[in-house]
Amino acid sequence: MKKLYLKLTLLLVFIFTALCVHAQTGSISGQVLDETGLPLPGATVSAGDKATITNTDGKYTLTGLPAGSISVSVRFVGYQVLQQVVTVSGDTKFNASLKPSSTGLNEVVVIGYGTVQKKNLTGAVSTVTSKDFQKGSITTPEQLIAGKVPGISITSNGGSPGSGSVIRVRGGASLSASNDPLIVIDGVPLSNNSISGASNPLSLINPNDIETFTVLKDASATAIYGSRASNGVILITTKKGTSGAPKFNFSTQLSAYKVGKKLDVLSPSAFRDYVNTNGSAAQIAMLGTENTDWQDKIYQTSLGTDNNLSVAGTYKAIPFRISGGYLRQVGVLVTDKLQRTTGSITINPKLFDNHLKIDVNLKGALTESRFANQGAIGSAVSFDPTQPVYVKNSFGNYYEWANTSSDGSVIPNPNAPRNPIALLAQRSDNSQVKRSCGNAQFDYSMHFLPELHANLNLGYDISNGKGTTYVPANAAQSFAVQGLDNNYQQNISNKVGEFYLNYIKDLKGINSNINVTAGYGYYDFLTKIFYYPSYNANHVVVAGSEPAFAFDKPQTTLISYYGRAIYTFNNKYILAGSVRTDGSSRFAPENRWGVFPSAAFTWRINQENFLKESKTISDLKLRLSYGVTGQQDGIPYYSYLPTYALSVAAAKYQLGDTFYGMYAPQAYDKSIKWEQTATYNAGMDFGLFDGRVNGSVDVYFKKTKDLLNNIPIPLGSNFSNTITTNVGNIENKGVEFAINGALVKSSSFSWDAGFNFTYNGNKITRLTNVENPTYPGVLTGGISGGTGNTVQINSVGYNTYSYYLYKQVYDAAGKPKEGIYEDLNGDNIINEKDLYRFQSAVPKYILGFSTQLSYKKWSLSTVLRANLGNYVYNNVKANIGVTRNLLNPAGFLGNVSTEIFKSGFDNNQYLSDYYVENGSFLRMDNLGLSYNAGKIFGPTSKVGLRLNANCQNVFIVTKYSGLDPEISSGIDNNFYPRPRTFVLGVNLDF
Amino acid sequence: MKKLNYIIGLSALIILSAGCKKDLNRTPTNAITADVAYNTPAGYKQVLAKMYGGFALTGNGGPDASVGDVAGIDQGSSDFLRLFWNLQELTTDEAAIVWNDPGLQDFHVMNWTSTNIMIRGLYSRSMYHITACNEFIRESAEAKLSSRNITGTEADNIRHYQAEARFLRAYEYWVLLDLFGNPPFVTENDPIGKFIPSQIKRADLFTYIESELKAIEPLLVDAKQNEYGRADKAAANALLARLYLNAEVYTGQARYTEAITAAQKVISSGYTLNPKYANLFLGDNNVNNPETILALNYDGVNSQTYGGTTYLINAAISAALDPKTFGVPNGGWSGMRATKNLPLLFADYSGATDKRAMFAAGSIEMNDITVYTDGLAVTKFKNITSTGTIPASANGVYASTDFPLFRLAEMYLVYAEAVKRGGTGAEGQAITYLNLLRTRAYGNASGNITSYTLNDVLDERGRELYWEGFRRSDLIRYGRFTGDNYLWPWKGGAKAGKGVEAFRVLYPLPSTDIIANPNLVQNAGY
């Protein structure tokens with residue numbers, strides 16, 4: 001790989017040093033300024049067949065022009081094009097001042113391997129820029145755009161500091177492989193692999209460094225990313241250097257986090273009453289004398305702070321930006337903590353008369369976390385409320401349920417919950433993660449042919465995650481192994497090298513424009529996982545835990561060739577086509593290469609004569625696209641190879657007097673290959689009243705075939721009973737709608753609002769090689785309770801993650817009858833043939849609403865989100881909503897949900913549909929007030945001040961009876977509650 | 001010139017990118033190819049360890065791995081013994097279980113279907129094991145040995161390994177024969193990959209197993225001459241004896257004389273009864289045990305599993321029963337216990353007279369099948385040694401007790417039953433054998449018999465072999481498994497027990513394999 005970098009660099013140098021510059025007579029020079037009179041670097045000035053780009057001072061020179069009148073045009077993205085006739089005579093001066101374009105249509109949108117103006121977009125692409133991001137305490141980047149973009153759902157995994165999110169673009173395209181979108185930061189595609197010690201790899205990117213999110217949804221936009229594009233692509237662009245003198249920005253936030261709601265469990269007195277009435281003498285004797293609210297004990301109101309300092313400007317003609325951030329967040333669950341230090345450096349020099357643009361981005365992050373033992377959440381709801389937290393005993397003086405052996409030793413009851421506070425206080429789980437990623441991108445516009453760009457992008461992403469887990473020997477939670485003193489470590493080193501050529505040419509004669517790109521990419525993902533034995537608290541190796549190998553180094557590589565052509569006729573009709581071919585090390589040579597094409601047609605209807613003069617409709621565009629994308633994430637790296645694996649130390653087998661490590665043949669599938677998704681998309685973009693209202697509508701149909709699916713295989717044909725192979729089809733169809741408008745726009749008052757709507761429906765259409773209507777499907781959705789119980793199924797003809805349970809029978813009063821289910825197949829036996837499919841964990845409709853009211857220096861904003869049609873299995877109720885849990889036959893008392901008074905169930909009825917509830921909700925994500933104090937030291941001072949106050953997770957409206965229905969898996973099992981957050985922030989510019 | 005440069009540049013790019021294509025041939029760091037695994041005799045031994053360990057353990061990743069050798073089932077319950085035991089014992093009068101795991105409650109009430117996870121689990125385990133044995137048999141073929149330059153004693157050892165792999169395969173086919181009747185059939189001549197095995201009829205499978213066992217008998221190490229934990233000639237004959245005893249069930253043809261011959265071969269190979277019955281099921285039963293012919297080996301440190309004897313010990317007791325005295329101080333899972341029929345096989349189930357009766361607290365009546373204390377706990381298996389110590393264990397839960405797959409007592413009982421069923425043998429010899437067992441059980445001759453009936457043998461098997469995975473097959477052979485001529489609490493779902501349909505003498509082929517393998521025809525009734 002190093003050689004590749006070297007060769008590419010040499011090649012580039014070779015190309016541009018071999019060129020020469022022609023000199024002719026007659027020239028125009030001058031300066032281009034923006035509306036405020038500041039120089040505009042990077043603007044394109046063209047006259048006749050000559051063109052150039054303004055330098056960092058906004059200055060330009062066009063030489064070799066014929067004398068006489070010539071039409072000069074000046075363009076810059078986001079600005080209206082200026083056209084003027086200039087008379088050239090010798091060295092003529094011409095200064096231009098550009099006005100911003102009101103419609104935003106000239107905004108540049110980042111697409112794969114290039115940029116286009118928004119008006120020329122052929123794909124379904126949504127962009128959110130920093131001014132529209134979610135505000136407040138945002139620890140991890142994806143949360144910036146929650147609720148802002150149609151067609152994408154972002155569901156946080158809970159309230160733990162820095163916890164990740166499940167991101168789904170158009171519902172995802174896979175079943176058992178990955179459904180995560182490809183994330184590309186500044187042109188560098190990231191791997192979706194997790195980093196040891198980080199709850200979420202994205203949490204190592206400071207959200208404050210991000211300028212823009214661009215979500216690519218249809219195949220016209222994504223197919224250029226080929227085999228990694230089926231689940232959508234999210235392009236993240238970080239903040240760049242700016243022109244002019246360095247400007248500083250400092251922001252600081254103080255946040256307070258508080259758990260909103262607790263689960264309803266029996267109060268100590270209700271608990272005592274129940275035991276005294278219903279318990280045996282032995283059980284009554286177990287009652288304690290305390291009144292402990294365990295949920296109160298494990299949660300705290302916690303604080304967090306986020307501080308960022310950045311400086312951006314131009315130093316010696318090199319635009320740069322440097323930033324540093326420090327975040328510290330304490331979790332609402334006692335002992336949870338995240339500390340993050342980040343730094344980034346960006347330089348954006350332009351050399352050789354702006355022919356060579358270089359963007360260098362370097363980011364580094366260091367996080368230190370302590371992860372709370374989340375087992376305490378479940379324990380707190382089910383622990384006996386009459387027992388004390390502390391008591392004098394051998395478990396570190398935390399009260400525990402225990403039995404005394406005949407020899408007098410006291411041993412924790414293996415079936416009882418552990419003391420929640422002990423779970424938290426006696427486990428110390430610390431990690432440290434370092435991550436650095438960055439890239440250097442060279443874009444060279446050929447001297448002899450400025451329309452031809454050569455672009456080289458070299459990127460890296462390395463991280464080191466390590467951590468330790470310590471539990472003292474006397475703690476009941478790891479009593480069997482006498483505590484823990486473990487460590488872990490992992491290194492990741494991912495490399496990216498890309499090179500493409502881009503040629504853009506106006507063909508005036510035929511009123512056309514062509515834009516052609518061809519490129520090559522090399523991507524390598526290498527992880528090194530270190531293996532260590534387990535230690536007990538006395539640092540003695542736990543017997544049988546010695547690793548068979550010191551480390552493992554899984555590695556996968558992807559090589560790609562891609563091309564794209566966009567042809568625009570008469571500024572009205574745009575035809576675009578792309579093709580990418582990817583080779584992946586995950587597949588056997590005969591299946592290694594996949595081809596992913598796309599085609600799109602766009603009609604800019606507002607450019608037609610009948611709309612050109614319209615005062616109402618300022619933009620109207622029809623987009624049609626079709627394309628094929630692939631998916632290979634989530635496939636094991638080497639599953640096509642027949643291999644033997646050595647067993648771990650705990651799985652040796654005794655022959656004679658020796659324990660032998662076992663070599664086992666591994667199941668393999670020689671013919672494993674990509675999943676392929678064909679996407680059809682039809683969309684309409686519109687703008688009204690000179691762009692004050694704009695929006696888009698998209699309808700799509702996605703069909704994935706060769707679905708990677710873990711299916712039962714004919715027994716006897718391989719070394720397992722299931723294999724991950726390409727079988728099965730799934731369909732997604734949906735509608736997306738977004739509208740944004742400036743409802744009121746006056747000098748002192750403005751009101752902006754945006755609304756988006758998403759419908760996504762999916763259906764599995766095939767799951768097996770041999771069609772068989774009796775095949776129930778793939779059980780999924782494991783729950784807590786029993787061993788191996790599942791509540792969901794993926795079946796042909798149904799939604800993914802449909803619930804698959806027994807139909808509860810109710811009495812006349814509407815009370816469920818315990819253990820009585822409908823005999824749906826009428827065979828007089830209740831068995832798994834009576835399970836039925838209904839609803840799904842996946843929401844059908846997702847809505848987002850954002851609005852901002854500004855009056856003079858004040859502004860008030862809010863974001864609301866709603867999911868409709870998602871159902872939730874209330875695993876907490878199913879577990880502790882039964883009296884058996886209270887008077888537990890395993891020799892202890894446990895608290896229960898007040899649900900026992902409703903259902904009256906004595907035993908767990910895990911497979912009853914009684915526990916599936918409608919999880920539709922409306923949540924106010926954010927309510928913010930900000931005050932822009934402006935130049936606080938007078939109009940001439942440089943110091944600007946903004947103050948803001950935010951409340952996040954303000955309220956939720958739902959019928960769901962548990963704490964929070966927004967759970968991506970649809971199974972609510974002691975979910976880490978999302979806290980309500982109060983934030984005060986100060987932002988200083990100077 | 002410029003264009004030329006451009007073309008050169010582009011060509012250079014294409015050439016160097018082509019050079020990188022070899023980077024797509026990534027290989028794993030720690031896993032190895034077959035040729036590396038079998039490169040040395042030591043490598044063969046390590047694959048052989050898997051052929052045996054495939055019985056005892058759930059997979060190569062140990063008990064905490066997310067998946068084992070077979071998928072679609074909780075890893076901790078995916079080992080051979082736990083599944084086999086559930087299917088052979090929970091469906092009978094010997095045991096009922098409390099837990100709610102999917103499909104588990106269906107066994108005792110005899111309500112299972114073809115989608116039952118445990119049924120699929122055992123079937124998958126056996127077929128996986130057979131497929132792995134096929135691979136080993138292929139890789140230990142003579143041509144492979146010579147191509148790998150393995151000769152002399154080392155080659156002889158591997159020839160023994162190969163015969164043992166064929167024995168293990170025959171054993172698994174016997175499991176499928178007994179429980180499923182008509183499974184798919186694959187041998188070392190079938191490929192790995194996209195291939196659909198054919199189904200074999202029960203009678204044909206019987207013939208195959210019989211011919212395999214006869215063929216490998218001369219190739220196996222002599223009785224008692226092999227390493228501990230490895231099959232020898234006696235193991236092959238013991239399986240043959242078991243096979244012939246049930247031949248009438250499997251094929252409709254009685255083969256009792258052959259059963260006697262095979263059993264007698266084992267009996268006269270030098271095995272003797274372990275003087276103390278209880279010691280057969282303790283943590284050090286791998287040493288000083290003259291009775292066990294072949295065992296599944298467990299170890300609390302090196303061979304950890306939540307199945308095997310760890311399951312039999314922990315799930316049989318509750319935390320209230322002082323688990324430390326069972327050698328599992330941190331265990332006690334309150335799982336299964338006996339219906340009253342089992343203790344009532346003993347005239348005195350206190351253990352004071354017949355010491356084989358090992359029961360603990362609980363009420364003998366089972367009013368509620370999901371209440372652990374309804375029914376007597378069975379304390380036969382323990383993880384303490386014969387001297388009262390506890391073997392090393394990683395967590396005070398994993399047991400080191402080995403499980404006897406074949407032991408001498410069974411051969412005595414095969415002999416006695418086959419004689420009574422008309423096989424050519426001596427009834428006097430049979431009485432002697434039965435009295436050997438009874439003398440050990442009583443500690444003296446007070447329990448000895450002078451004559452016996454066919455039914456006495458079933459009861460004696462109940463007393464001698466309970467909880468060792470025989471009961472379902474025994475009840476079927478005696479025509480008492482289905483129907484209503486023999487009942488036990490909660491048979492058929494009724495508290496007093498009720499008859500069930502005759503088709504339940506066979507388990508269904510799992511629906512997953514019926515769907516994956518279009519060659520399969522489901523067993524009648526399912």
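In the predicted model, the secondary structure of chain B amounts to 18 helices and eight strands. The radius of gyration of chain B is 25 Å, close to the 24 Å given by the globule rule for 526 residues, so chain B is as compact as a globular protein of that length. The C-alpha trace of chain B extends over about 110 × 50 × 50 Å along its principal axes. Of the 526 residues in chain B, 57% are buried. Where contacts in chain B join residues at least 6 apart in sequence, 64% of them link residues at least 24 apart. The average pLDDT of chain B is 94, and 96% of the residues score at least 70. For the model, ipTM is 0.95 and pTM is 0.85.

The largest nonpolar core contains 272 residues, and B:Ala241 and B:Tyr415 are those with the most contacts inside it. Helix H8 (residues 152-179) of chain B contributes the largest share of this core, 14 residues. When neighbours within four places in sequence are left aside, the contacts of B:Ala241 are B:Ala259, B:Ala262, B:Ala263, B:Val266, B:Met411 and B:Val414. A second, separate core has 57 residues, including A:Val109, A:Leu121, A:Ile154 and A:Cys437.

Between the two chains, 95 residues of chain A are in contact with 104 residues of chain B. On the side of chain A that touches chain B, at least two residues each are supplied by helix H1 (2-17) and by several strands of chain A, among them E29 (512-530), E31 (555-569), E32 (573-584) and E35 (644-646). Strands E36 (652-655), E37 (658-661) and E38 (663-665) of chain A also each supply at least two residues to this side. The largest share, five residues, comes from H1(A). By residue class, the side of chain A that touches chain B comprises 49 nonpolar, 36 polar and 10 charged residues.

Elsewhere in chain A, strand E51 (residues 845-855) and strand E52 (residues 858-868) run antiparallel and are joined by 11 bridges. Within this pairing, A:Leu853 has A:Leu860 in E52(A) as its bridge partner. The two strands, E51(A) and E52(A), form a hairpin with two residues between them, and A:Lys856 in the turn has a positive phi of about 50 degrees. E52(A) also pairs with strand E57 (residues 921-935) of chain A, in the antiparallel sense and over 10 bridges. In E57(A), A:Ser930 stands opposite A:Ser859.

Key. Residues numbered from 1 in each chain as written. Chains lettered and ligands numbered in written order. Predicted model: local features only at pLDDT ≥ 70, side-chain atom pairs only at ≥ 80, totals over all residues. Contact = placed C-beta atoms within 7 Å. Helix = DSSP H or I, 4+ residues; strand = E, 2+ residues; numbered from the N terminus. Nonpolar A, V, L, I, M, F, W, Y, C, P; charged D, E, K, R; others polar. pLDDT = per-residue confidence, 0-100. Rg over C-alpha atoms; globule rule 2.2 N^0.38 Å. Buried ≥ 20, exposed ≤ 12 C-beta atoms within 10 Å, placed from the backbone. Core = buried A, V, L, I, M, F, W, Y, C linked by C-beta atoms within 7 Å. Pairing = 2+ DSSP bridges.
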